[in-house]
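The following paragraphs lead the reader through one structure, beginning with a single residue and the pairing in which it takes part.

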Amino acid sequence: MSSKTVQFLQSCTSDEDIDIVKLVDCVVVDAVRAGASDIHIEPWESSIAVRVRLSGVLNELVHLPSDLHPKVVGRLKIMANLIGHETSLPQEGRANTFEEAGNVVLRISTFPTIRGEKVVVRIFDPKGRSFDLDALGMEEDSLATFKTMLLRPTGLILLTGPTGSGKTTAIYAALHHLIDRAGPSISVATVEDPVEFNLPLIAQSQCNPARDYTYPVALRSLMRQDPQVIMIGEIRDSETANIAVQAGLTGHLVMSTIHASSTAGVFARLINMGIEPFLLASSIVGVLGVRLVRRNCPVCTEPYPPDEALLRLLPPDALETAQFRKGVGCAACNHTGFSGRVAVTEMLTVGETLREAVLERTTTRRLQDIAQAEGLLTLWQKGLRRVVNGETTLEEVMRVIGLEGF
């Protein structure tokens, strides 16, 4: 990775000669130019490690002298208007950048550790982010089913996946799709924590737990605002879940995210939150599982033989048609072998058989079997499609998806 930060450090004759403002600016510029989503600045035993997350994977950018740690953290706190002398409690704030860094917005979070404060900077680029549903790279069958669900006037649509899997981008794109279709004739409102991007023609509200403005408080008030579509940033507790389910049953289209082990596992998660199965069976219309896998670099990709142990996991018909390809690394992909990411999705639709199984409190494994019998293609199967077509590697699918649905 060509590093402006390294060049700047090499131009300095000593640690005392380092301009901290310039140093932090160089780190931000390097991260933005590389297309990073996050910057991790963490005190290690003998240095400050600066790493950037590229396509979901952390890469080392530079190591700084340990004695610069207070100054670097102090500069970031000033940028985010945080309390400089507070080092024993987590803090979070936002900061704008400058033209060379693309005028991106930074969400700066500090966290106390035994070696000093760790700082993670999330990078938001409103100009560079597209919320076009058709441009997300979803498989055609999942995209078509998702769009059909968005035509419904009522019901609950849930998205699930780990942090950084593309849930927020997908749900924002769905809201954009609804606005593009209906324009100002539809009332759309969101409750988020935090609001990551400002969306046109949508009333967005940010929770503030410090002022007791929580998801349940916001949603109860929002229900009196005559919304047709409600987006809830995340279902975290039973009260939020209950309001979301009730809203989906009373004339609203509700979209939200929830952490669960699988799409079928969403039902068990909500039942464990105290939601009655008959309410879930009546309100949930579909669950979209999302993962992001790195795409092979188109410049340096070439045929390669995957590990034999992994090949045994593939069905015989896939082995016959597979075009196993892998990027070997070049300047175009920062020598990673990958360029960008592509979505792998699992679209579970709730039909009559699945509803009856939910009513009977059927196990997650059984719900998964019923869904697959009705045509569900699992994340593993969708990931193999990408591998067979040469879009990514078998190892990458194993890293991100594992054997879910195998």
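Glu-396 counts as buried, at 2% relative accessibility; buried means under 20% relative accessible area, exposed over 50%, and partly exposed in between (1.4 Å probe, protein chains only). The model is predicted: local features need pLDDT of at least 70, side-chain atom pairs count only at pLDDT 80 or more, and totals for chains, interfaces and linings use all residues. Residues are numbered from 1 along each chain as its sequence is written, and side-chain values use heavy atoms, with hydrogens and water left out.

The side chain of Glu-396 meets that of Arg-399 in a salt bridge (2.8 Å, N to O), a term for a side-chain nitrogen of Lys or Arg within 4 Å of a carboxyl oxygen of Asp or Glu. Arg-399 is partly exposed, with a relative accessible area of 42%. Helices (H or I, at least four residues) and strands (E, at least two) are DSSP runs, numbered from the N terminus.

The whole structure holds 22 salt bridges. One of them joins Arg-236 to Asp-193, with the closest N and O atoms 3.3 Å apart. Because Arg-236 lies in the loop between strand E10 (229-232) and helix H7 (238-249), and Asp-193 in the loop between E8 and strand E9 (203-206), the pair ties together parts that are 43 residues apart in sequence. Arg-236 also forms a salt bridge with Glu-234 (3.3 Å, N to O).

Strand E8 (residues 188-192) contains Val-188, which counts as buried at 3% relative accessibility.
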